[in-house]
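Hi,

Here is the structure I said I would pass on. Have a look at it first, then read my notes below.

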Amino acid sequence: MKGVSGWFTLKGKSVNSIAYSFHRLTGIVLLLYLIAHLSFLTSLRIGEETYTAFISITVRPETLPLDSLLFLATFYHAFNGLRVVLNEFGLLYEARKVLIYLMTLLALLFWLYSTYMMYVFLTG
């Protein structure tokens, strides 16, 4: 047993195991984002000025890389989760390796497009 560090040991692992490791990692990232998001929303109970101050920290060009990485984690987790569901129901199980590459490609395409749109939105 290697614990969490074993998730990222590539030697001797299949593509399916690596995809599963990234799925767990992106799940943790999304959980941390959810906690931060709920904390921001809870600041509304303190007052609108506090909420506006928190939001002004996050919505600016300097935070674009973090938002972009959040989108990458979200798209990877969503598409890989869809792959896992399909395989669990026995659908496309024979093509599971191809499906990993296809879902990763879709996640990357959605990530690039969303990052571009976010950049255009923030910079005008």
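Let's start with the largest nonpolar core, which has nine residues in all: Ala 19, Phe 75, Tyr 76, Phe 79, Leu 99, Ile 100, Met 103, Ala 107 and Trp 111. A nonpolar core here is a set of buried Ala, Val, Leu, Ile, Met, Phe, Trp, Tyr and Cys residues joined through side-chain atoms within 4.5 Å. Buried means under 20% relative accessible area, exposed means over 50%, and partly exposed is in between (1.4 Å probe, protein chains only). Helix α4 gives the most to this core, five residues, and α3 and α4 each supply at least two. Helices are DSSP runs of H or I with at least four residues, strands are runs of E with at least two, and both are numbered from the N terminus.

Before you go further: this is a predicted model, so to speak of local features we need pLDDT of at least 70, side-chain atom pairs count only at pLDDT 80 or more, and totals for chains, interfaces and linings use all residues. Residues are numbered from 1 along each chain as its sequence is written, and side-chain values use heavy atoms, with hydrogens and water left out.

Back to the core, and one of its members, Tyr 76. Leaving aside neighbours within four places in sequence, Tyr 76 is in contact (heavy atoms within 4.5 Å) with Ala 19, Phe 22, His 23, Thr 26, Gly 81, Thr 104 and Ala 107.

Is Ser 21 buried or exposed? Ser 21 sits in helix α1 and is buried, at a relative accessible area of 1%. Not counting residues up to four places away in sequence, Ser 21 touches Trp 7 and Lys 13.

Leu 92 is one to click on. You'll find Leu 92 in the loop between α3 and α4, partly exposed with a relative accessible area of 45%. Leu 92 has a positive phi of about 60° although it is not a glycine. Most residues other than glycine have a negative phi.

Last, the UniProt record. Its unreviewed entry annotates residues 21–41, 68–86 and 98–122 as "transmembrane region"; such annotations may be inferred rather than shown by experiment, and positions are given in the numbering used here, with feature names shortened. In the model, residues 21–41 are 100% helix and 0% strand, with end C-alpha atoms 30 Å apart. Residues 98–122 are also 100% helix and 0% strand, and their end C-alpha atoms lie 36 Å apart.

Cheers
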